[in-house]
Amino acid sequence: MVTVPRLVIAAPASGHGKTTVATGLLAAYAARGVRVAGFKVGPDYIDPGYHTLAAGRPGRNLDPVMVGEDLVGPLFAHGATGADLAVVEGVMGLYDGRVGAGDFGSTAHVAALLDAPVLLVVDASAQARSVAALVHGFRSFGSAATGAIRIAGVLLNRVGSDRHEQLLRDACAEVGTPVLGVLRRHAVIAAPSRHLGLVPAVERRAEALESVAALASLITESVDLDAVLAVARSAPPLAARPWEPPTFAVAGPRPVVAVAGGPAFSFGYAETTELLRAAGAEVAVVDPLHDEALPAGTAALVVGGGFPEVYADQLTANAPLRAEVARLAASGAPIAAECAGLLWLCHSLDGAPMCGVLDAEAKMTGKLTLGYRDAVALTDSVLAPTGTRVTGHEFHRTTVTPRAGTAPAWAWRDAAPEGFVAGGVHASYLHLHWAGEPSLARNLVAGCR
């Protein structure tokens, strides 16, 4: 049983201020000496980076679509080990789940799986008494998947004046929902954004730390932290055992698996490196913007998502590392590349030379490709044998030509085969949460030997 106090930060829709509130709460409680853990619903990689700065421990994702319902509780328990409070930031609107699947994968779904109370953040800038109808509707709405979600309070955002605040408080009192905090319109702490959302914290660490500190002050001044903590402590014990990555005995030295990091490749799940270590690997981080060589003894390479298009010139300038990656691929060593990693392995990205491992060219486009994919492996690879079924996620504004190599990686409904399998290389647009398929890490490490 897990007894960590917890609450879910939700909203009627995107843009109401969930990230501001969740990150600010984590930072405010941490400043009080409370040990906090931050989580994000869904496949978002950027918000957990800000949670990490605020909490001082890795921000993690809870995604029943990617890993299955049964793993949400254990992954939460794993990430919250030793914490006094867990804050779970929702995704989109409270009941917005996977397209075509009701509220499966939604914030409400995760709140139900965690049996956690919900704090509803509402952008009240253009309403007064109508907020009562909105709050009442969200509080009373439910479904077969989630049941009734317990909205324990409201945090009003972008409130214009004392008079406006009083009207809103009176309206919420009419429907019996306490107001636990009020943020004024002028109290906006902006974080820069670009084509895929906020700029990741790793790309602006000094400024991001300042923003997090400012959010802590804002939330401390604007929110009843004692009342919010009482709400979190009202969560009942959760019947879940902390997730542990499966371990495998390794004969001889542990192979070195290099994992790309730094500003250009900041998208990844904390569980990936934990799975690699448990599978017998020695994990070493390589920053393709600055490191001119792979870590000594590198036997495999994992390159996740990020923004290589923003750093294309710097990646091109690092010719020594590009050459090393090409040599590693030619040797048959395992290389697993997702999305940004796929782009980096191409001949070029918007004309800028990349590693040249794949006979393909990558370009930026104006089209956003976004969504979950139920995929099946089409080719035996270092990650998975043919026929392996996974659920992954696409999120990019680029295209690769051709879409697939002679041995494609994946296929999914209503799309042509996608990705590349060549020797030890597996490269695809598909982001995977390896905790949902631990054999991926085991297979890659086994391929080193």
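Author: In this predicted model, Leu-25, Ala-28 and Tyr-29 of helix α1 meet Leu-225, Val-228 and Leu-229 of helix α9 (contact means heavy atoms within 4.5 Å; helices are DSSP runs of H or I of at least four residues, strands runs of E of at least two, numbered from the N terminus). This contact comprises 6 nonpolar residues, no polar and no charged ones (Ala, Val, Leu, Ile, Met, Phe, Trp, Tyr, Cys and Pro count as nonpolar, Asp, Glu, Lys and Arg as charged, the others, Gly among them, as polar).

Residues are numbered from 1 along each chain as its sequence is written. Local features need pLDDT of at least 70 and side-chain atom pairs pLDDT 80 or more, whereas totals for chains, interfaces and linings use all residues; side-chain values use heavy atoms, with hydrogens and water left out.

An open sheet of 7 strands has the order β3-β2-β4-β1-β5-β8-β9 with parallel pairing (two strands pair if DSSP finds at least two bridges between them). At its edges stand β3 (60–62) and β9 (179–184), each pairing on one side only. On average, neighbouring strands are turned by 25° against each other, direction ignored. Within this sheet, β5 (residues 118–123) and β8 (residues 151–159) share 6 bridges in the parallel sense, and Val-122 has Leu-156 in β8 as its bridge partner. Helix α2 lies across β2 (36–41), β3 and β4 (85–89), at about 175° to β2. Helix α4 (residues 69–79) touches β1 (6–10), β2, β3 and β4, and its direction makes about 160° with that of β3.

Strand β18 (residues 361–377) has several partners. To β16 (residues 348–349) it is joined by 2 bridges, running parallel, with Leu-349 partnered by Ala-362. The antiparallel partner β19 (residues 389–401) is joined to β18 by 12 bridges, and Arg-373 stands opposite Gly-392 in β19. Strand β20 (residues 410–412), also antiparallel to β18, is joined by 3 bridges, with Ala-377 partnered by Trp-410.

Technical notes: Axes fitted to C-alpha atoms, helices over the stretch in contact; angles between N-to-C directions.
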